[in-house]
Amino acid sequence: MKILSWFLVIAGVCGLIGVRALEGTLFYDPFLDYFHEANKHIEFPAFEWGRLIAGHVFRFILNLFFSCLIIYGLFRNKDWTIQGAVMMIVVFVITLPIYLYCIHSKFEIGYLFSFYMRRFVIQPLIILLIVPMFYYRKQMISKESRKKS
């Protein structure tokens, strides 16, 4: 890998770490303390729907940007970076309404289910699937090109 590629990967990882480290100050999320307590009997926090959704969307955009830096830095392929971004957007579009329903029902659907839906909304977990998938794709393309030669 070239120096620029390593820089992009390191910048992306540092960005994701920064988003996580500064989550309490950057984003409006009254459920941070609720889930940090790990006590499902704690009082359900008061919140504002608009600010909560805006905070999650803003956090997703930051995570998406830093995740795309990592993907591009690793594979140096714009098409794959766009594909990765689309996959992350699809996961977010699916999980955000489910998580919002969990909040609306005050986690009656299940505390752990709600906790893990929240993880998919606020953390870029899908990158843990995308990177190995693209690495495997790269290996298969390399293998096919060696067979043709």
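A residue counts as buried under 20% relative accessible area, as exposed over 50%, and as partly exposed in between. With that in hand, take Ile 109: its relative accessibility is 44%, so Ile 109 counts as partly exposed. Keep those cut-offs in mind, as they come back several times below. One more thing before we go on: what you're looking at is a predicted model.

## The whole chain

Let's zoom out. The chain has 149 residues, and 41% of them count as buried. Now look at contacts between residues at least 6 apart in sequence: 71% of these join residues at least 24 apart.

What happens at the start of H5? There, a side-chain oxygen of Asn 77 comes to within 3.0 Å of the backbone nitrogen of Asp 79. Arg 76 sits in the loop between helix H4 (49-75) and H5.

Most residues other than glycine have a negative phi. Arg 76, though, has a positive phi, near 50 degrees. Just after H5, Lys 106 also takes a positive phi, of about 55 degrees. Lys 106 belongs to the loop between H5 and H6.

How open are these two residues? Arg 76 has 37% relative accessibility, so it counts as partly exposed. Lys 106 has a relative accessible area of 54%, and because the cut-off for exposed is over 50%, Lys 106 is exposed.

Back to Ile 109, which lies in that loop between H5 and H6 as well. Leaving out residues up to four places away in sequence, Ile 109 touches Tyr 101, Cys 102 and Ser 114.

Two packed helices are described by the angle between their axes and the distance between the axes. Here is how H5 does with two partners:

| Pair | Angle between axes | Distance between axes | Crossing |
|---|---|---|---|
| H5 and H6 | about 145 degrees | 9 Å | left-handed |
| H5 and H7 | about 145 degrees | 11 Å | right-handed |

Which residues make the contact of H5 with H7? From H5 come Trp 80, Gln 83, Gly 84, Met 87 and Met 88, and from H7 come Ile 130, Met 133, Phe 134, Arg 137, Lys 138 and Ile 141. Sorted by class, that contact has seven nonpolar, two polar and two charged residues.

On the H6 side, Val 91, Phe 92, Thr 95, Leu 96, Ile 98, Tyr 99 and Cys 102 of H5 meet Phe 113, Ser 114, Met 117, Arg 118, Phe 120 and Val 121 of H6. The contact of H5 with H6 splits into ten nonpolar, two polar and one charged.

If you're wondering about the spacing of the numbers in those lists, here is a handy rule. An α-helix has 3.6 residues a turn, so residues three or four places apart point the same way.

At 19% relative accessibility, Phe 115 falls under the 20% cut-off, so it counts as buried. Phe 115 and Phe 31 are 84 residues apart along the chain, yet 9.9 Å separates their C-alpha atoms.

Over in helix H7 you'll find Lys 143. Its relative accessible area is 42%, so Lys 143 is partly exposed. Lys 143 and Ala 54 are 89 residues apart along the chain, with 45 Å between their C-alpha atoms.

How values were computed
Residues numbered from 1 in each chain as written. Predicted model: local features only at pLDDT ≥ 70, side-chain atom pairs only at ≥ 80, totals over all residues. Heavy atoms only, no water. Polar contact = N/O pair within 3.5 Å; in protein donor to acceptor, adjacent residues only side chain to side chain. Helix = DSSP H or I, 4+ residues; strand = E, 2+ residues; numbered from the N terminus. Axes fitted to C-alpha atoms, helices over the stretch in contact; angles between N-to-C directions. Left-handed = near helix turned anticlockwise from the far one by under 90°. Contact = heavy atoms within 4.5 Å. Nonpolar A, V, L, I, M, F, W, Y, C, P; charged D, E, K, R; others polar. Buried < 20%, exposed > 50% of the residue type's maximum accessible area, 1.4 Å probe, protein only.
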